[in-house]
Amino acid sequence: MLLDPMGGIVMTNDGNAILREIDVKHPAAKSMIELSRTQDDEVGDGTTSVIILAGELMTVSEPFFTMKIHPIIIVSSYFKAMDHALKVAEKIAREISVENHEEIADVIHSCIGTKFSSRWGSLIVDLAVQAVKAVFINKNGKKEVDIKRYAKVEKIPGGNLEDSRVLNGVMFNKDVTHPKMRRFIQNPRIMLLDCPLEYKKAESMTNVEMTKEEDFAEILRQEEEEVCKLCQAIMKFNPDIVITEKGVSDIAQHFLLKQNISVIRRIRKTDNNRIARVSGATIVNRPEELQESDIGTKCKRFEIKLVGDEYYTFMEECEEPKACSILLRGGTKDVLNEIERNLQDAMSVARNIILDPKLVPGGGAVEMHVATELTKIANTIEGIEQWPFLAAATAFEVIPRTLAQNCGCNVIRIVTELRSKHAEDSKDAPYWGIDGNEGKLADMRVIKIWEPLVVKKQTFKTAIESAAMLLRIDNVVSGISKKEKKQGPAGNIEDAEI
Amino acid sequence: MSVSILGSRESGQNIRDTNVRAVQAVANIVKSSLGPNGLDKMLVDEIGDVVISNDGATILRSLEVQHPAAKVLVELSRLQDQEVGDGTTSVVIVAAELLKRANDLVKYKIHPTTIIAGFRLAMKESIQYIKDYLSVKTESLGKDAILNVAKTSLNSKLIGAESDHFASMIVNCVEAVGVMGASKEMKYPIKSIKVLKCIGQSAKESVHLNGFALMTGRTAQGMPTSIKNARIACLDFNLNKFKLQMGAQVLVNDAKNLEKIRLRELEITKERIEKVLKAGANVIFATKAIDDFALKYFVEAGAIAVRRVDKKDIRKIAKQCGAEVLITLMNNEGEEVFNESSLGSAEEVSEERLGDNDFIFIKGMKHSSSQTLILRGANEFMLDEIERSVHDAICVVKRVLESKSVVVGGGAVETALSIYLDSFARTLGSKEQLAISEFAESLLVIPKTLAINAAQDACDLLAKLKMYHSASQNSSDEKKQEYKYVGLDLANGKVRNNLKAGVLEPTISKIKSLKFATEAAISILRIDDLIELAPKPEKERDGH
């Protein structure tokens with residue numbers, strides 16, 4: 001995460017996004033890639049750190065194999081180290097209030113400080129905080145933040161990044177079906193449907209046998225009448241806008257236009273769900289069964305605007321919207337994609353903080369602190385397990401080390417300095433970290449670099465558990481044909497054909 | 001005069017040697033995964049999919065073994081997995097060792113049938129001996145014993161470091177599913193334990209839930225996430241628009257009727273739903289689809305509907321909450337009714353989010369015996385392996401709870417048997433004597449492998465073990481009798497009383513694994529001829 005302070009200019013520096021693109025053959029490497037996916041699923045951030053840490057844990061264990069220490073011992077001491085590391089991290093964590101907008105913004109800022117969008121300062125941060133706060137629901141103690149379903153990112157190329165904003169409502173890429181329909185309505189009555197407003201065929205096989213010419217006309221009329229009935233049912237409730245997931249026939253459009261109703265057709269189910277959430281409407285399937293309570297009125301402004309060269313529908317100024325759209329503008333599609341990824345990260349971070357408002361200092365400070373504390377604890381461990389435990393402690397230093405490396409300063413000097421700072425027995429000791437921009441040591445409280453505790457904890461857990469799993473392997477049995485065989489990491493590959 | 005056959009033929013000592021070699025090769029693969037210090041295997045298949053496992057049966061199943069004798073061994077470990085669920089590695093190792101030693105005997109011109117008779121006798125004797133002297137009743141050991149059994153099974157696995165956490169979880173789980181069987185005996189149907197895997201967090205965050213969980217979300221977002229005092233309906237038909245069976249056609253003369261048919265289709269489903277809701281159901285599980293238009297009725301009624309539930313799951317849910325799985329609403333008179341009696345009840349049904357997935361939890365069901373374990377882990381491979389380990393442990397705990405007897409692990413039983421059989425062999429004057437003493441010797445392969453895997457001095461430890469056990473068997477001293485529980489302490493490279501240290505295994509697992517191993521060895525030993533028929537040559541085509 002804080003690995004590329006210069007800003008990933010070419011493509012992305014989201015660990016998961018990079019690894020997802022790589023095609024790996026080796027089974028062990030594959031499991032590493034899985035790791036970053038887990039991290040992404042669970043907390044949505046720290047995908048790079050977890051790989052680095054797991055890799056380092058494997059590297060430091062290597063000397064023990066030459067020393068003939070049994071892998072089981074290494075594994076069990078790694079697990080012990082994990083327990084202690086989690087405790088240490090928890091100890092220096094501090095709680096913040098969820099209401100405090102500024103503090104949350106600081107955290108997100110430090111998390112996405114490395115990314116492309118950091119050039120625009122607090123913009124992305126503000127977007128993320130607003131979006132997450134909008135979808136945050138606290139229902140009798142159960143906190144729910146569903147970013148996946150209710151915070152939709154809409155990217156429209158063109159314009160400036162500064163034009164991006166979080167809507168107080170939702171938007172989608174659709175226009176009214178008939179050009180004469182109203183494109184701007186204040187305080188609209190919204191009706192949501194998920195059925196077609198056209199003549200539907202029955203499910204069962206039905207054949208009509210016609211003998212007379214009049215019959216044919218009769219059937220056509222019947223079909224028309226059917227649509228007319230549907231429209232009348234709708235018009236009874238006097239809506240201003242009808243939005244449906246399916247199609248709307250020309251006749252239906254005609255009827256509705258006469259009543260001055262705007263119609264939008266073929267919107268996505270997910271969009272419809274979001275509209276239901278912001279407007280307070282219920283999605284109805286059969287117009288005959290409409291009720292007054294199904295009409296949504298919480299949305300105060302309906303507007304269709306031409307953005308770029310496409311029409312977009314905006315539904316804004318809602319009372320307590322529980323869903324939102326985030327409008328992103330930017331130069332090109334690539335830029336927008338990268339910004340979207342950053343925004344997703346930022347939103348996950350914001351979600352994590354709201355769900356569990358505990359923070360640890362960033363900039364490698366917490367890892368360094370864990371390393372120092374573990375080294376102290378290591379001295380109290382009896383027997384052979386002390387060695388791998390100590391190694392695990394030093395492995396945590398890889399994060400500040402990589403940070404230092406990536407900002408181009410003297411790695412050895414700065415890491416040693418950091419270590420000595422942490423070894424001091426003062427109250428400030430755990431908060432010293434590396435300032436990625438300056439390449440100097442800094443008090444993380446001063447430069448306000450914080451990270452959510454959940455992310456760090458998940459990183460430690462995932463990294464250590466997966467390293468442990470790989471260390472336990474002493475034999476690779478491969479079914480891949482003989483030509484493609486490669487040497488395994490911990491043992492030899494045996495022939496499967498016996 | 002020899003009969004000419006198409007294909008190859010191997011016989012006599014040749015085939016025995018090949019068989020033993022093949023079996024040995026299989027055993028060698030799993031050998032290093034035995035015991036608390038055993039390591040895992042990484043298996044890669046043709047496509048490049050990876051399985052990481054410590055479980056003998058899983059490892060062997062993933063191998064594509066071709067040699068027929070080796071296949072017998074693979075089957076053997078599968079059988080052990082089915083019957084007992086644990087001890088799959090040791091059974092293979094013992095069988096391979098038995099064969100190796102039997103082959104040596106054959107080389108000394110002892111006829112295989114004699115060896116087989118000897119092995120059979122030895123097996124019977126050892127099982128009797130385990131039952132009479134080595135097994136310990138769990139009542140005398142208290143609840144800790146069962147916990148220890150689970151721990152012993154888990155220790156050798158990936159989650160060994162967290163065995164405390166998992167062992168207590170598993171024991172609670174298995175005890176909770178216990179039901180009184182027809183014959184006044186407690187039964188522990190492990191099928192009512194559902195194991196769900198969910199990527200994320202760490203193994204330690206795995207939880208045990210009293211209730212049932214489904215890995216699906218509710219069908220519509222408008223439904224409530226939690227319902228207290230749930231009344232559950234289980235439907236095994238679809239709630240789509242009604243559709244006539246294939247081939248049936250309706251011929252309509254009047255156009256108005258066409259419209260009626262269409263309306264009727266919607267009405268039929270609507271009526272069905274209304275009947276279900278009217279009976280008081282507020283949670284509906286359906287095995288098939290629920291049409292989008294039907295969802296609205298559920299949303300309006302404030303009910304949770306879940307579609308496409310697995311049939312097996314729905315049966316379990318129905319059984320436990322007292323509901324009836326309905327395949328139709330039709331009653332005997334041909335009318336569609338939904339009786340209140342078909343509803344089941346539960347204290348709470350709720351949807352929760354774990355990791356990136358939604359889960360439906362059903363808690364506090366009427367005949368609640370169902371338990372759910374939700375496993376968490378760093379990645380997919382790890383979760384799979386944890387699931388296998390947990391399954392092994394569940395099986396073991398179930399065996400112990402049912403049979404109420406355990407034996408001491410850590411090589412104690414094998415050593416005791418070996419000493420006993422050795423002295424037993426000396427009481428026989430026939431040729432079987434040799435076979436039995438070889439059988440005795442083969443059993444020692446277990447403590448030996450354990451010691452080797454822990455990188456300890458196997459000879460030294462084995463000598464000590466033997467010393468204690470022979471002392472216990474040859475003396476009537478009360479204190480020395482206790483020595484029969486002496487086994488290996490692999491962490492420290494010493495011997496200790498494993499009964500006190502809590503290294504326990506179910507008796508039935510040991511007995512079965514001895515039986516299976518012997519049977520398998522015997523069946524391979526009986527082979528003295530291998531005829532492999534060449535595939536029939538393809539008929540020549542008419543060439544003109």
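Chain A of this predicted model contains 16 helices and 21 strands, taken as DSSP runs (H or I of at least four residues for helices, E of at least two for strands) and numbered from the N terminus. Local features need pLDDT of at least 70, side-chain atom pairs count only at pLDDT 80 or more, and totals for chains, interfaces and linings use all residues. Residues are numbered from 1 along each chain as its sequence is written, chains are lettered from A in the order in which they are written, and side-chain values use heavy atoms, without hydrogens or water.

Of the 498 residues in chain A, 57% are buried, that is, under 20% relative accessible area, with exposed over 50% and partly exposed in between (1.4 Å probe, protein chains only). When contacts (heavy atoms within 4.5 Å) join residues at least 6 apart in sequence, 73% of them link residues at least 24 apart.

Helix α3 of chain A spans residues 47-66, and its buried residues include V50(A), L53(A), L57(A), V60(A) and F64(A). An α-helix has 3.6 residues a turn, so residues three or four places apart point the same way. After α3(A) comes K68(A), with a positive phi near 65°.

F216(A) lies in helix α8 of chain A, residues 213-235. Because its relative accessibility is 47%, F216(A) counts as partly exposed.

In chain B, S513(B) belongs to helix α18, residues 507-525. This residue is buried because its relative accessible area is 12%. Leaving aside residues up to four places away in sequence, S513(B) touches Q80(B) and V91(B).
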